[in-house]
Amino acid sequence: MTPKGLDKLGLDNIGKVYYNLDYDEVIKHTLERLETKPTALGATTVDTGIFTGRSPKDKYFVKQPPSEKYIAWGDINQPISPELFDELFDIMKKELSGKDLYISDAYVGASPSSRRSIRFVSEIAWHAHFVKNMFIRPSAEELANFSPDFTLYSSGNAVNKKFKEHGLNSEVFVVFNIEENIALVGGTWYGGEIKKGIFTMMNYWLPLEGKLSMHCSANIGEENDTALFFGLSGTGKTTLSTDPKRRLIGDDEHGWDEHGVFNFEGGCYAKVINLDPESEPEIYNAIKKGALLENVVLDEDGNVLFDDNSKTENTRVSYPIEFIENHECTLMGPHPKNIIFLSADAFGVLPPVSKLTKEQAMYYFLSGYTAKVAGTERGITEPVATFSACFGEAFLPLHPTVYAELLGKKIDEHQVNVYLVNTGWTGGPYGVGHRMSIKDTRGCINGILSGAINESEFETLPIFNLQIPKTLEGVNTEVLNPMNTWADKEAYLETLKKLGTMFQKNFHRYDDAANASQIAQAGPQV
């Protein structure tokens, strides 16, 4: 098939067009072009070059009406002029003109009323493989009539050598022109820029239609009950949402419209550093023909050395979601019954599980809290609090309160239960206490999903005013109230106050927002 609309790409002397290749074809291309290598597991692997992660300081939006009035401008959403965009687009067009191209048409968003049609244009085959894995694949009939709503061009060779003159950060540019429905990913081959670039656009489009876009995983139980899992890296979002008793809707990006919850993607993009087949068998078993590994190290026999981080800690694998045996084939579920916020609290003061009011849910959603353990840097001897609005601030073009208000409305409309689950430390902070056992965390999750937690008697955590169950089947009763696990109760209260103050300080960023003072009352009161 030849895609319609090649004349609209703005490219000259296009060579051969490889359009929506099937898996055998695209894998053959990547191997013959020496872009990838075979592995003993059947998957292929690619090195993404000097960039093994995203370049957040190189992300820009074209500042122009009408989108400029909606975008939350700042360090995350940086502006460039339409004239500079034209210059960068010229760089991209010169790089891609006169070449054979890989063009992939795909959908983002499983809900027919909310999905977008996206065209991806690249000069390398493995990008076509990545897109095939990560996005929703149209049928042959849909491809015959495919008309893109948005086009993303990518080329690691398209570098901006005049970036200093332009006042930009580096030769890399990731640029969104909302009015022209174009994105440019130049100067980096990293596939995650493509994935998160389209996620960023869904985070712009959907809220303006009254639909919530979310950085979360989702699954669905035998009773057709949907659960959402929000959490920053290291909190257990992927692990805890992968449940043999529940079908996986998706592991990372979702929308919530008038019909319910739906996956944006058609695949998964999992970290594989230190991947253990016993603790994460679903991911390990998905690494087979069709899966695409990134930046892993192989031995001479093609075996993947999962514990080797010499290239990067951010080793990854992409694969179609059907590689997960227990997945929801429609990629959709009804309105959620339960929402779970995951925080790895390295201060060791938050309960393993607590039930939130709607106002508390909006507060902790806007806070997006987790804590990283003390690093190897000299002088850092205690945990470091990390706040990322809506558990995904790097991908939010609009003000965080837009997403929080939508969440609050949907909680009210659908009577959703919301919980805060601490997968971090208990018995003291990092270095004194110990990590919450996976058994107790699973017990908390099971109690939420079964509804057993609603039969519990609750008590109130001081300062944070969180409602915590006194007993919960499958969970060690002693750990439910974190104060019980600390030998020094005064030290516990002091640390609780300290963390509460950090929350309050972070939340001052919303002082100018409507209802901010009301929502702040649902947070810690020090």
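Asn181 sits in the loop that runs between strand S9 (173-177) and strand S10 (182-186), where helices (H or I, at least four residues) and strands (E, at least two) are DSSP runs numbered from the N terminus. The model is predicted, so local features are reported only at pLDDT of at least 70 and side-chain atom pairs only at pLDDT 80 or more, while totals for chains, interfaces and linings use all residues. Residues are numbered from 1 along each chain as its sequence is written, and side-chain values use heavy atoms, with hydrogens and water left out.

Most residues other than glycine have a negative phi, and most peptide bonds are trans. Asn181, although not a glycine, has a positive phi of about 55 degrees, and at 29% relative accessibility Asn181 counts as partly exposed; here buried means under 20% relative accessible area, exposed over 50%, and partly exposed in between, with a 1.4 Å probe and protein chains only. Leu331, in the loop between S18 and S19, also has a positive phi, near 60 degrees, but Leu331 is buried, with a relative accessible area of 9%. A cis peptide bond, with omega about 0 degrees, joins Pro65 and Pro66, and Pro66 belongs to the loop between strand S4 (59-62) and strand S5 (78-80).

From the backbone we turn to charged side chains. A search of the whole structure finds 24 salt bridges, each defined as a side-chain nitrogen of Lys or Arg within 4 Å of a carboxyl oxygen of Asp or Glu. One of them joins the side chains of Asp24 and Lys289, at 2.8 Å from N to O. Because Asp24 lies in helix H1 (residues 23-32) and Lys289 in the loop between helix H8 (281-285) and strand S17 (292-294), this pair ties together parts that are 265 residues apart in sequence. Arg137 and Glu322 form another salt bridge, with their closest N and O atoms 2.8 Å apart. Arg137 is in the loop between helix H3 (125-134) and helix H4 (140-144), and Glu322 is in the loop between strand S18 (316-320) and strand S19 (332-333), so the pair connects parts separated by 185 residues in sequence. Both partners are partly exposed, Arg137 at 28% and Glu322 at 39%.

Which residue forms a salt bridge with Glu265? The partner is Lys195, and the closest N and O atoms are 2.8 Å apart. Since Glu265 lies in the loop between strand S15 (260-263) and strand S16 (267-271), and Lys195 in helix H6 (residues 191-205), the pair ties together parts that are 70 residues apart in sequence. Glu265 is buried, with a relative accessible area of 0%, and Lys195 is buried as well, at 2%. These two residues are also linked with Lys196, Lys237, Asp252 and Glu253 in a network of salt bridges.

In soluble globular proteins, nonpolar side chains tend to be buried together.

Leaving aside neighbours within four places in sequence, the residues in contact with Asn338 (heavy atoms within 4.5 Å) include Ala227, Leu228, Val416 and Tyr419.

In H13, the buried residues are Tyr492, Thr495, Leu496, Leu499, Gly500, Phe503, Asn506 and Phe507. They cover an arc of only 140 degrees around the axis (taken from the directions from the helix axis to the C-beta atoms), which puts them on the same side of H13. The face turned away from that buried side carries the exposed residues Glu490 and Lys505.
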